[in-house]
Amino acid sequence: MLIKASMDFDVHSGGKKRWPALWRRPVLVRGPLGVVSGMELALFVMFMALLAWTLGNYLNRLPTVKAKAAAADGIKVWQEKLAESALWIGLTGNVCLAFLFYPVARGSSVLPVLGITSEGSIKYHIWLGHLTMVLFTAHGVCFLVFWAVTGQISEMLKWSYSDISNVAGEIALLGGLGLWAATFPRIRRRFFELFFYTHHLYIIFVFFFVLHVGIGYTFMALPGFYLFIIDRYLRFLQSRTSVRLLSARVLPCHVVELNFAKSHGLTYNPTSIMFVNVPSISKLQWHPFTVSSNSNLEADKLSVIIKCEGNWSTKLDRMLSSSIERLGVSIEGPYGPASNHFLRHDTIVMVSGGSGITPFISIMRELIFRSNLSECKTPDIMLISIFKRSLDLTMLDLLLPMTGSPSELSNLKLQIEAYVTKENEPATDNSKRVRSVWFKPLPTDKPMAAILGPNSWLWLGAIISSSFIMFLILIGIINWFYIYPKDHNKNEFSSSIQAVLNILAICVSIAATASAAVFWNKRRYAREAMQVTNMEAQTPDGSPNMMAYNGDRELESLPHQSLAEATKIHYGGRPDLRRLILECKGASIGVLASGPTTLRHDVAAICSSGLADNLHFESISFSW
């Protein structure tokens, strides 16, 4: 659905049009692309124009295909044109592939510099993935039809020594189709584990793609491949360490907050995410969760919130409900935006549905921290939270850190509108409790730390440049001492072997330089990590934690007492979002929506309706 985009005015510049804000306003809300801003739509149209121009430029050569040339190959003119078209469609698919891996290089500095959020990066990766597979599938189908109608079906089994390898292309396409089939929303959401495992088929897809086209054509997509391999290897190194899990809060609504020790040098911004692996549940599964803590307010701890709904999270909930002294956990991340952009607004409206409140918890804690700084002016806050059951209201307790005090909210102008849709009155069962679980980590469990230290961008640049130089040196050595003595520049050397050698050179270069950088940073910051490791986890009564501790407190009908005065709870209905949002005051109002797709679409439609010029919409969703 196309939405009318109204102008944005900045009262601080005399009504001057704020074109950047206008471009960020959503113009497409309901449709196959999801919520799309003006800037995203413009870039999408330009990219589609690039693909159309590329394919059109190739197809313009079709009239040059003559009957004489076709007859020389023993085929008809239309068959020759079909083969040429199949080739050109594949070459156009290479353009999509060249961009495909940039958005999923999580640790790359490219995304933060461009202001691309985690949600945006996944959305762009999905778009590019669909376009890539559509073009490559058409490429493969056209060649299969060509071989069938010309009686050359045996070409499917051809693995050329120094030219295009058809078998490798077919294997790559089959791997891509298997991966693609599990990415559609209904399958991904209902069978996340299937999606997770089949997505590793990208290794087969990329490897056999390189064998199919040769290393020369692969260089077009090399920058994206290269950044992704570096990022993937750094994540691998980070995941080898078991991190120090201090405690957990287990809510009766089947929500868990895990609290990890971290080094002071690890900083991150609100709405960051982190990938978590619990080997005792599954050694292969990694799940993304919202970081709820704030690196300014909680300098030595990092927390994530988990809604226990799927098989993996349900097993975690059961483990925490039993008496365990330690839980082994590995992590990747955190990854998040480069700046606290929401602070530029006079008022922040946060609309959440269910567990969609979790990214707003980190924003609330950042605002709590800034409200206690005399030189900082914090925005007014309205939190509109929609829950199914009154038991879910306990999630509001997570707005404060585990060791938070009521006075921390005294400097905030906070209004919370909580809606319970499935119940008409408060629940009378107070038997369920919020439990605090304290663990006894092993000495080998390390505090979380940035894999490349505080200056990660500089180190990442050093890894990219030095590894690429090393790659060029290795390729020069291989060509001079191995390929040239056998081929003597006749271009008859096996393209598959040459491709494999280039892949190995890339992997060796990245592994050597990245490992050296990580080892250097580990030695440099080992002292700080030791200080955090020696910190004894404290139980609520202040005594040292020598054994796992389970502490229960009664579930109140309202959120924590420090939040009760700011909270108004409504039973048996849904909020009038249009009225609540439009009644907010301020020259600039940031409207953040997190939760189900329909909720985010409804909020986006309100912000783009033209009823107010001061609304700035942002969707927060982690649809992995």
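User: Which residue in β6 is the bridge partner of Ala 248?
Analyst: Leu 258 in β6 is the bridge partner of Ala 248. Strands here are DSSP runs of E with at least two residues, helices are runs of H or I with at least four, and both are numbered from the N terminus.

User: What kind of model is this, and how are residues numbered?
Analyst: This is a predicted model, where local features need pLDDT of at least 70 and side-chain atom pairs count only at pLDDT 80 or more, while totals for chains, interfaces and linings use all residues. Residues are numbered from 1 along each chain as its sequence is written, and side-chain values use heavy atoms, with hydrogens and water left out.

User: Back to β5 and β6. Parallel or antiparallel?
Analyst: Antiparallel: strand β5 (residues 245-251) pairs with strand β6 (residues 255-261) over six bridges. Two strands count as paired if DSSP finds at least two bridges between them. The two strands form a hairpin with three residues between them, and His 254 in the turn has a positive phi of about 60 degrees.

User: What about β5 and β14?
Analyst: β5 also runs antiparallel to strand β14 (residues 433-438), joined by four bridges. Arg 249 stands opposite Ser 436 in β14.

User: Why call β5 largely enclosed?
Analyst: Because seven of its seven residues are buried, β5 is largely enclosed by the rest of the structure. Buried is under 20% relative accessible area, exposed is over 50%, and partly exposed lies in between (1.4 Å probe, protein chains only).

User: And β12, how many of its residues are buried?
Analyst: Seven of the eight residues of strand β12 (residues 380-387) are buried, so β12 is also largely enclosed by the rest of the structure. Strand β11 (residues 347-353) pairs with β12 in the parallel sense over seven bridges, and Thr 347 has Asp 380 as its bridge partner in β12. Strand β13 (residues 414-420) runs parallel to β12 too, with seven bridges; there, Leu 383 is partnered by Ile 416.

User: Switching to helices. Where does α14 bend?
Analyst: At Asn 479, by about 40 degrees. The bend is the angle between axes fitted to the seven residues ending at a residue and the seven starting there. α14 (residues 456-487) has 32 residues and should span 46 Å at 1.5 Å a residue; its end C-alpha atoms are 43 Å apart, which agrees. The expected span is 1.5 Å times one less than the number of residues.

User: Which residues of α14 are buried?
Analyst: Leu 460, Ile 463, Ser 467, Phe 471, Ile 475, Ile 483 and Asp 487. Just after the helix, His 488 takes a positive phi of about 55 degrees.

User: What caps the N-terminal end of α7?
Analyst: Ser 165 does, with a side-chain oxygen 3.4 Å from the backbone nitrogen of Ala 168. Ala 168 is among the buried residues of α7, which also include Leu 173 and Trp 180.

User: Is Ser 594 buried or exposed?
Analyst: Ser 594 is buried, with a relative accessible area of 5%. This residue is found in strand β17 (residues 589-594).

User: What does its side chain reach?
Analyst: The side chain of Ser 594 reaches the backbone oxygen of Gly 356 at 2.8 Å.

User: How much of the whole protein is buried?
Analyst: Buried residues make up 51% of the 624 residues. The protein has 19 helices and 18 strands.

Technical notes: Polar contact = N/O pair within 3.5 Å; in protein donor to acceptor, adjacent residues only side chain to side chain.
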